[in-house]
Amino acid sequence: MAEINWDSLRAEAVLAMQKSYSPYSNFAVGAAALTADGRVVSGCNIENASYGVTLCAECSLVSDLFRTGGGKLVAFTCVDKSSNILMPCGRCRQLLFEHSAPGMLLETISGIRTIEQVLPDAFGPRELEERS
Ligand code: THU
C-alpha cells in the first residue's frame with residue numbers, strides 16, 4: 001500500500017468538521033478516509049432535536065463512501081472542533097469495521113493503529129457467513 005499522507009487526510013477531516021451541524025453538543029466532528037481505489041471520502045456529525053437520532057461523522061462518511069461508488073476503506077482519521085485527533089466511538093468502530101479493508105489504518109490518540117487493534121475480536125460479516 002502506498003504511504004498514507006495523514007496530514008492531507010486530516011485536512012479533509014477538518015474541512016468536513018467545518019460543515020458539522022451540532023447545535024446541541026457544540027462538539028463538531030469531521031472524519032475522512034482513503035478508499036482502496038484511491039478516493040477520499042469524508043463526513044461530519046449531524047445532530048437532531050431528538051438527540052438519539054444524531055448521525056456521527058462516521059455515518060456521514062459511510063454514506064459518502066456509497067454515494068461515490070462503494071468499496072473498502074484503507075485509512076481513516078477523525079477530528080474534533082479544535083482539529084485534534086478524535087477516537088471513533090464504539091458504535092462507529094463497528095460501522096467502520098464493516099467497510100474496512102483488512103488492516104485498515106486509523107490515526108489515533110495513541111498512534112497509527114489497525115482496525116483490528118481498535119476493535120479486537122470483532123463481530124462482522126464473516127461471522128454471519130460462517131455460522132449461517
Ligand atoms: N461524535 C461523532 O460524530 N463521532 C464519534 O466517533 C464520537 C461522537 C459526535 C456525536 C455528537 O454529535 C457529538 O460528537 C458529541 O457526542
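These are my notes on the structure, point by point.

1. Ground rules. This is a predicted model, in which local features need pLDDT of at least 70 and side-chain atom pairs count only at pLDDT 80 or more, while totals for chains, interfaces and linings use all residues. Residues are numbered from 1 along each chain as its sequence is written, and side-chain values use heavy atoms, with hydrogens and water left out.

2. Strand β3. I'd begin with β3, residues 73–79. For the accessibility terms, buried means under 20% relative accessible area, exposed means over 50%, and partly exposed is in between (1.4 Å probe, protein chains only).

3. Neighbours of β3. Strands count as paired if DSSP finds at least two bridges between them. Strand β1 (residues 30–35) runs antiparallel to β3, joined by six bridges, and A33 sits opposite F76 of β3. With strand β4 (residues 100–108), β3 pairs in the parallel sense over three bridges; here A75 faces L105 of β4.

4. Cysteines. How many disulfides does the structure hold? The count is zero, taking a disulfide as a pair of cysteine sulfur atoms within 2.5 Å. C59 is in none, and its nearest cysteine sulfur, that of C92, is 4.9 Å away. C78 is in none either; the nearest cysteine sulfur is again that of C92, 7.9 Å away. Both C59, at 14% relative accessible area, and C78, at 0%, are buried.

5. The aromatic pair. Searching the whole structure turns up one aromatic pair. Rings of Phe, Tyr and Trp (its six-membered ring) pair if their centres lie within 6.5 Å; planes under 30 degrees apart are stacked, over 60 edge-to-face, and the rest tilted. The Y24 and Y51 rings have centres 5.6 Å apart and planes at 45°, so this pair is tilted. Y24 is in the loop between α1 (6–17) and β1, and Y51 in the loop between β2 (40–44) and α2 (57–67), so the pair ties together parts 27 residues apart in sequence. Y24 is partly exposed at 39% relative accessibility, whereas Y51 is exposed at 60%.

6. The ligand. Residues around the ligand include S25, F27, N45, A57, M87 and C89, where a residue is near a molecule if one of its heavy atoms lies within 4 Å of it. An N or O atom in the N45 side chain is 2.9 Å from a ligand oxygen atom. A backbone N or O atom of A57 is 2.8 Å from an oxygen atom of the ligand, and for a backbone N or O atom of C89 the distance is 2.8 Å.

7. N26 has a positive phi of about 55° although it is not a glycine. N26 lies in the loop between α1 and β1 and is partly exposed at 49% relative accessibility. S83, also not a glycine, has a positive phi near 70°; S83 is in the loop between β3 and α3 and is partly exposed at 31%.

Key. Helices (H or I, at least four residues) and strands (E, at least two) are DSSP runs, numbered from the N terminus. A polar contact is a pair of N or O atoms within 3.5 Å; within protein, one must be able to donate a hydrogen and the other to accept it, and residues adjacent in sequence count only if both atoms are side-chain atoms.
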